[in-house]
Amino acid sequence: MITVVGTGTGAPVRQDVLAGAGLVVGARRHLDAVPLPEGAERLVLGPLGPALDTIAAYVGAARPVVVLASGDPGFFGIVRALAERFGSGLLDVRPGVSSVATAFARIGLSWDDAVVVSAHGRALRTAVNVCLAHPKVAVLTGPGAGPAELGAALDAGRVLVVASALGDPDRERVERVTPAEAAARDWGTAVNVVVCLDEARAPGAMRTVAGPGSPPSRWALDEAEFVHRDSMITKFEVRALALARLGPRLGDLVWDVGAGSGSVAVECARLGAAAVAVEKSADGIERIRANAAAHGVDVRAVHGTAPAVLTGLPDPDAVFVGGGGRELPAVVTQCAGRARRAVVVAVAALDRVPAARAALTAAGFSCDGVLLQSSRLAPLPGDVTRLAATNPVFLLWGERPRASVEGVAQ
């Protein structure tokens, strides 16, 4: 057996777990904290591949292997790598208190409504987008993805609680800072967890998000559920297909360009993505903010005219372009040049379709589209029903080849 013991943030390692071990593996701080059994070899964890090879040499030997890990080793920990190499049936896992649970305990907050994301060995942008989209997030940090880097990517609307060296009685620190203060500090390498909070959003507005597989119960919401001007809103039939092609998910950033009421941005945020709504009219910006607040999500409303206003925004995973003015080809060209995965364009005028399609194709996207025409049931006097046609809309979408899209592991 390989016994995997969580330590560092909870109770000390029991001596009977270590007794008789032939190999004890762990970080130097964990190994220094326990007495090794007589005759046991000690392996300080470095690169994981060579460590697993060493463990393999002891598997099946008379004396077992003990692996010391931080907190709960099955929670973004070494259990995954051990199970993939040796099989879960060979593991005896003794979980400790996870660093995330400890961090929230230290600051006196529940965390059943928090989203947890790891930036250790993963792209920082995923953690940033999760922090932008959700009011309560725990980020497991890593080299090059600590409080300073996280703070530099967030705005003043968030508070960061940095929990360092959790479980160490001499070095543990829990500090509350602004993103700017976090960005200006050298935090060293002892950081375990950064809790990112949007305290402006009332607890009642927080949606419980268990992870990427927990979408809201409804999407493609009726137009009546949004504030809009003179029916200038993406109709729910169009929005349903647009959302399917955008594929918003936890960790994504989606632009809604020419947002109008912001209905697409709000729906993407409800599905877990960070959302930016770009709108050129001041009253439109107010409607976007009102709709985001009404649905309990955070949408960044950017006032300006595309494509110029897009220059200062972080690169998106997917983009929805609404409207169809003369600037449409330039807007689609810039969006297609920066989108990591997909661009969806909705236009009412047939004349705009060739230019939008050419812009997507020129950027290396595979391009497809449909003309959406729907008729809704409408009542007539005498308890009868007719079909009321909505305006036809062309929906185009471009998708990058899968090989060129960076994978994201949660």
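Trp 111 is partly exposed, at 33% relative accessibility. This value comes from a predicted model. A search of the whole structure returns two aromatic pairs. Phe 75 has a relative accessible area of 27% and is partly exposed. Phe 76 is also classed as partly exposed, at 29%. Trp 111 belongs to the other pair, where its partner is Phe 104. These two rings are stacked. The centre-to-centre distance is 6.2 Å, and the planes are 5 degrees apart. An angle under 30 degrees counts as stacked, which means that this pair qualifies. Phe 104 is buried, at 0% relative accessibility, whereas Trp 111 is partly exposed.

Arg 185 sits over the face of Trp 187, 4.0 Å from the ring centre.

Arg 158 occupies the loop that joins helix H7 (147–153) to strand E8 (159–164). Its relative accessible area is 5%. Buried means under 20%, so Arg 158 is classed as buried. The side chain of Arg 158 reaches two polar partners. The backbone oxygen of Leu 132 lies at 2.8 Å. The side chain of Asp 198 makes a polar contact with the Arg 158 side chain at 3.5 Å. Beyond neighbours within four places in sequence, the contacts of Arg 158 include Cys 131, Leu 132, Ala 133 and His 134. Cys 196, Leu 197 and Asp 198 are also among them. Pro 179 and Asp 298 complete the list.

Helix H6 spans residues 124–133. Seven of its 10 residues are buried, so the helix is largely enclosed by the rest of the structure. The buried residues of H6 include the run Thr 126, Ala 127, Val 128, Asn 129, Val 130 and Cys 131. Ala 133 is buried as well. Cys 131 and Ala 133 are also in contact with Arg 158.

The cover over the buried residues of H6 includes both strands and a helix. Strand E6 (115–118) and strand E7 (136–140) are part of it. So are strand E10 (191–197), strand E11 (253–257) and strand E12 (274–279). Helix H7 contributes too. H7 is also the helix at one end of the loop that holds Arg 158.

Note on methods. Residues numbered from 1 in each chain as written. Predicted model: local features only at pLDDT ≥ 70, side-chain atom pairs only at ≥ 80, totals over all residues. Heavy atoms only, no water. Phe/Tyr/Trp six-rings, centres within 6.5 Å; stacked < 30°, edge-to-face > 60°. Buried < 20%, exposed > 50% of the residue type's maximum accessible area, 1.4 Å probe, protein only. Lys NZ or Arg CZ within 6 Å of the ring centre and 35° of its normal. Helix = DSSP H or I, 4+ residues; strand = E, 2+ residues; numbered from the N terminus. Polar contact = N/O pair within 3.5 Å; in protein donor to acceptor, adjacent residues only side chain to side chain. Contact = heavy atoms within 4.5 Å.
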